[in-house]
Amino acid sequence: MSTIEQSIEVAVPVRTAYNQWTQFEQFPRFMEGVEEVRQVDDTRLHWRTKVGGREQEFDAQITEQRPDERIAWTATQGVEQAGVVTFHRVDDRRTKVMLQLDAEPEGAVEKIGDAVGVLKRRVKGDLERFKELIESRGAESGAWRGEVDQSATR
């Protein structure tokens, strides 16, 4: 399993950065290879991706969500993946967004790509595009302020 850790500072308050990240169905606007994310309910997401010409679908479960602090998830079907994104106040107008992703590359092409850092570069690019999106907008496009307790999802 590969672990990728990347962070970026965005010029918006923590609340704004967090609120935008909760708009999962807008992930295709900044995540390379993500064709669609459909929010099934408060804690379940269905993803459709296309990477290297290979289409894949998987389901993910939000295991923990605390407003303005963190969102953690794990894939429940389709891929072996888990991660967490955290939001750290730098000052009133700046936030550090940190992403940790654990993913198991499938097949020879993905394993080679992982070995040469393709996933790490993709995650870095996704965060840079998130920064562009939220800073150019200056405000979130929506928000979900509910909490998910890790113990309640088991």
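Strands here are DSSP runs of E with at least two residues, helices are runs of H or I with at least four, and both are numbered from the N terminus. Before going on, please keep in mind that this is a predicted model, where local features need pLDDT of at least 70, side-chain atom pairs count only at pLDDT 80 or more, and totals for chains, interfaces and linings use all residues. Residues are numbered from 1 along each chain as its sequence is written, and side-chain values use heavy atoms, with hydrogens and water left out.

Zooming out, seven strands make an open antiparallel sheet in the order 1-7-6-5-4-3-2, where pairing takes at least two DSSP bridges between two strands. At the edges sit strand 1 and strand 2 (34-39), each pairing on one side only.

Now, what does helix 3 touch when it packs on the sheet? The answer is strand 1, strand 3 and strand 7, with contact meaning heavy atoms within 4.5 Å. The direction of helix 3 makes about 25 degrees with that of strand 1; axes are lines fitted to C-alpha atoms, for helices over the stretch in contact, and angles run from 0 to 180 degrees between N-to-C directions.

Staying with helix 3, its 20 residues should span 28 Å at 1.5 Å a residue, and its end C-alpha atoms are 28 Å apart, which agrees. That expected span is 1.5 Å times one less than the number of residues. Just after the helix, Gly138 takes a positive phi of about 80 degrees.

Buried residues of helix 3 include Leu127, Phe130 and Asp126. Buried means under 20% relative accessible area, exposed over 50%, and partly exposed in between, using a 1.4 Å probe and protein chains only. Why does Asp126 count as buried? Because its relative accessibility is 11%. The Asp126 side chain reaches the backbone nitrogen of Glu32 at 2.8 Å. Beyond its neighbours within four places in sequence, Asp126 is in contact with Phe30, Met31 and Glu32.

Phe30 and Met31 turn up again around Trp21, which also touches Leu127 and Phe130, among others, not counting residues up to four places away in sequence.

Thanks, everyone, and I'm happy to go back to any part of the model.

Notes
Polar contact = N/O pair within 3.5 Å; in protein donor to acceptor, adjacent residues only side chain to side chain.
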